[in-house]
Amino acid sequence: MSDTGESLVVIGGIEGGGGHSVAVLFDSKGNKLVELQGPCTNHWLIGMDECQNRVHAMIQEGKKKAGLPEDLSLKALGLSLSGCEDDATNEELKQGFMKKFPSLSLSYYVCSDTMGSIATASENGGLVIISGTGSNSFLLNPDGSTARCGGWGYLLGDEGSAFWVADQAIKIFIDEEDNRRCPPHDTTYIRKAIFEHFKITDRFGLLEHCYTNFSKAVYAGLCARLATGAHAGDALCLHIFHEAGRSLGEYVGALLPSISKELLNEPNGLPIICVGAVWNSFDLMEKGFTEGANTQPGPRKCPNALERFSLLQLQTTLAVGAAYMGAKFAKIDFPREYGRNSKVFFSKTT
């Protein structure tokens, strides 16, 4: 560690999710001192007090593992947390840190996990599409202007997510059983997958998992079995993943009126950062995604054309981007290695 004594400069970043969190600490030269895992830090799920306690505990554990003084104040701490979409509650969270843990950090920057994803991959902004258990999208233009689409949760949205994929399969199965609609393809595989995943023997067994003992994560877990079926060539599974890809692509089309020409004209086209496990099945979604990205599904249209785009996958935790934003907000000169933080896995000229 090159920073010593009174000149010791340590910058922290937190990736906060609904399931787990990640903390990183850097020195002033951009060397990562420590990275560690932690629990959920979504304040809508656990409350602000508990969120603050957990972040504090992670930073203290990180300092201990890095051999740093326990009473050392960070020069800057960036918090990129799920649930931090609103400026007013973000400020409330920040003020809570300053009051409860006055020596934790000299400066705080609080933002959503979507912003952290973009900051990890690019200095000039971009579009992030999250597709894990749920789905969401967020646009950051080079001039700092933003737009969003999705993020409404499984009751109102989550299109193209693992939950959505599972729900589509279950609905198709139930509609066929009720003689309500004919399925687009044979349901033999998905019927078996549903019964095995939920450990049920008939369709009525689903009621417990949808109501009495509902778990979004368990419900969405069916998606993995459907991906296996799609890779094995099952026509219905392939159909569902095609539609999932189209739904994710429509996030791009919906945000197109808000995307700056500067971002569209990047050397590799519009940079789209892809976060979440569903993107591991992009080979099943490629055609549908391209179709969706080339539509403008909403009432607001724009003359800008999506001529080219690139899909990027992060190679590190978005806690790195949180640290970048924390340092920038605190006006600390801090090295950033964007080329190492992400890689392009798909490019398309439309």
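Which residues does His197 touch, not counting residues up to four places away in sequence?

1. This is a predicted model, in which local features need pLDDT of at least 70, side-chain atom pairs count only at pLDDT 80 or more, and totals for chains, interfaces and linings use all residues. Residues are numbered from 1 along each chain as its sequence is written, and side-chain values use heavy atoms, with hydrogens and water left out.

2. His197 touches Val218, Tyr219, Gly221, Leu222 and Arg225 (contact means heavy atoms within 4.5 Å). His197 sits in helix α7, residues 188-198 (helices are DSSP runs of H or I, at least four residues, numbered from the N terminus). Its relative accessibility is 18%, so His197 counts as buried (under 20% relative accessible area; exposed is over 50%, partly exposed in between, with a 1.4 Å probe and protein chains only). The His197 side chain also reaches the backbone oxygen of Val218 at 2.7 Å.

3. Ile240 belongs to helix α11, residues 235-255. Ile240 is buried, with a relative accessible area of 3%. Apart from neighbours within four places in sequence, Ile240 is in contact with Trp164, Val165, Gln168, Ala169 and Ile172.

4. Helix α4 (residues 113-121) packs against helix α14 (residues 319-329) at an angle of about 85°, with the axes 7 Å apart (axes are lines fitted to C-alpha atoms, for helices over the stretch in contact, and angles run from 0 to 180 degrees between N-to-C directions). The two helices, α4 and α14, are therefore roughly perpendicular (65 to 115 degrees). Met115, Gly116, Ala119 and Thr120 of α4 meet Val320, Gly321, Tyr324 and Met325 of α14 in this contact.

Note on methods:
Angles under 35 degrees count as roughly parallel, over 145 as roughly antiparallel, 65 to 115 as roughly perpendicular and the rest as oblique. A polar contact is a pair of N or O atoms within 3.5 Å; within protein, one must be able to donate a hydrogen and the other to accept it, and residues adjacent in sequence count only if both atoms are side-chain atoms.
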